[in-house]
Structures are given as C-alpha cells and as structure tokens.
Amino acid sequence: MERIAFLGTGRMGLPMAHRLLNAGFPLTVWNRTPARAEELVAAGARPAADPADAVRDADVVISMLADPAAVADVVAACVPALRAGTRLVDMSSIGPHAVRALADTLPAGVALVDAPVMGSVDRAAAGELLIFAGGDVAPVAGVLDHLGEVRPCGALGNGAALKLVMINAVVGSVALIGEALALADALELPDGTAEQALAAGPLAFAYGRATDTTSDFATQLAAKDVRLATEAAELPIAAAVLATLTAFPEIADDDLARLTPAVRKHRG
C-alpha cells in the first residue's frame, strides 16, 4: 500500500487521517501543534518532527491546512525532501490561483492534485465527504476513496474553483436565513411560523445548515472562503456576506450555524 504523509491534523484532518490509518495505509503525521497528532500516533501513525521529515519516504502527501499561506509555508518546507514520483494532494480550501502557484514550486516529477472537500467533521469521520478533484486524480483515487466520493473536475485548479463556488452558495444561504429570521422577528410573526415555513419550503437545505447542531466548520474558515471568492471576482453579495461573517468575532471559532442566532439578535 502507498505510504502516506498527512500534514495538518486539525478538526478535519484528524478524522480523515484516522480513516486512512484504519484502512491499513502506513501513515506519517505532522501538525504544527504536535499534541493534535498524539491521538493518531497512539493508534499507530509515525510522528514527524517537521514537514520534510514527514514526506521523505511518502508516496502520497496529503495536506489539510487552514489557508493559502499555511499551505504555501508547509509545502515550501517539504520541497527539499519530496522525491520524484511523489503525489501531493492538497485537500485544503485555498482557491485555484493558489493551487496553480503551488504547482510551480514543486520539484520535477512531483505531481499535484487539488482535492478540497465539502462536508464537516461528522462526514469526514464517516468517509462521506464530497471531494472535488482537479488534475490527474486516477493515481490517488484508491486513497481518496477512503475519504468520500471523488468527483473529478478536469484540469488542475478546477477542484479548488468548484469548491469556492459551492461553499459560497452554502455560506451565503446561511447568512440569508439569519436575516430572514430577523425580518420575521421585526414583523412580529408568531414564534415558529417562519421557522416551519423555511424548513418545509425551497430553502429547506439552507435552513437545515443554518440551524445545524452537528457540524464543525468554523465561521472564520467560512469567512476565508468567501474572501477568496471576493478576490477572484466582483461579487457585491459575497462582499456583504463577508462583512456579516466578520461582524461577530465572538463566534469566529464556532460552527457556521452560530451565525444564525447572532444575525437574528443583531438585526432583529
């Protein structure tokens, strides 16, 4: 089986790495905060002292990091140790421009696949993520299949691009639900009236995500994804959503669903 190096064992990376370890892949793990990898080490993964140590003998390197700067820094630290034939799979959400820039930094013979995901920690643990993959995904499909459903998207960067499209639609709909409920309050609708209508109507998915209690997608990460979108195109609505996401620093580390009561309280 392929030897895998997993870089970034935070909220999402931890359950994803567990799935690969449980599938029998020889796994080396690294995290900027080593304590976050201890659970995997106890389960049989090899701890790495630094990113270069992690990738030195790897056939597949998976990165699951917070933002474009983190990915660039960690991959730069790996470059001297990457061997020809190694495949780097970045599953972070960094946007297509950062993906293509990252490819330019890799040594000859090291292939890059961008494979960001849709789904929160619960789906990561269950192996039910939706994976948007750009580049030549076939050589790593056997690894990614343990993490969820792989949807090939064509050229390198297309996976990252589709992820931005999809996550911005979701995040924008959550912000909209918060304001819809604030409007219901301002109009003095009886308690539960708007909630029941939203849950049963065409915005049922958005309402479900806006009131979810099981997901773990930090509001500050949602803001990062919306910011990437506003940097890629002129998007006035997305800019307004970004302003809303960043208006409540007290929920920055909380799941996106916390935005709903925050907006409702503030706008109502």
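Guide: Ala, Val, Leu, Ile, Met, Phe, Trp, Tyr, Cys and Pro count as nonpolar, Asp, Glu, Lys and Arg as charged, and the others, Gly among them, as polar. The model is predicted: local features need pLDDT of at least 70, side-chain atom pairs count only at pLDDT 80 or more, and totals for chains, interfaces and linings use all residues. Residues are numbered from 1 along each chain as its sequence is written, and side-chain values use heavy atoms, without hydrogens and water.

Visitor: What is the volume of the largest pocket?

Guide: On a 1 Å grid over the protein atoms alone, a pocket is an open set of points where a 1.4 Å probe fits, with protein on both sides within 12 Å along at least five of seven lines. Points are joined across faces, edges and corners, and probe spheres set on them fill the volume. For the largest pocket, this gives about 1,200 Å³.

Visitor: How many charged residues are in its lining?

Guide: Lining residues have an atom within 4 Å of a point. In the largest pocket, 18 are nonpolar and 12 polar. The number of charged residues is 13.

Visitor: Which element gives the largest share of this lining?

Guide: Helices are DSSP runs (H or I, at least four residues), as are strands (E, at least two), numbered from the N terminus. Elements that each supply at least two residues include strand E7 and helices H6 (121-126) and H11 (219-232). The largest share, 5 residues, comes from helix H8.
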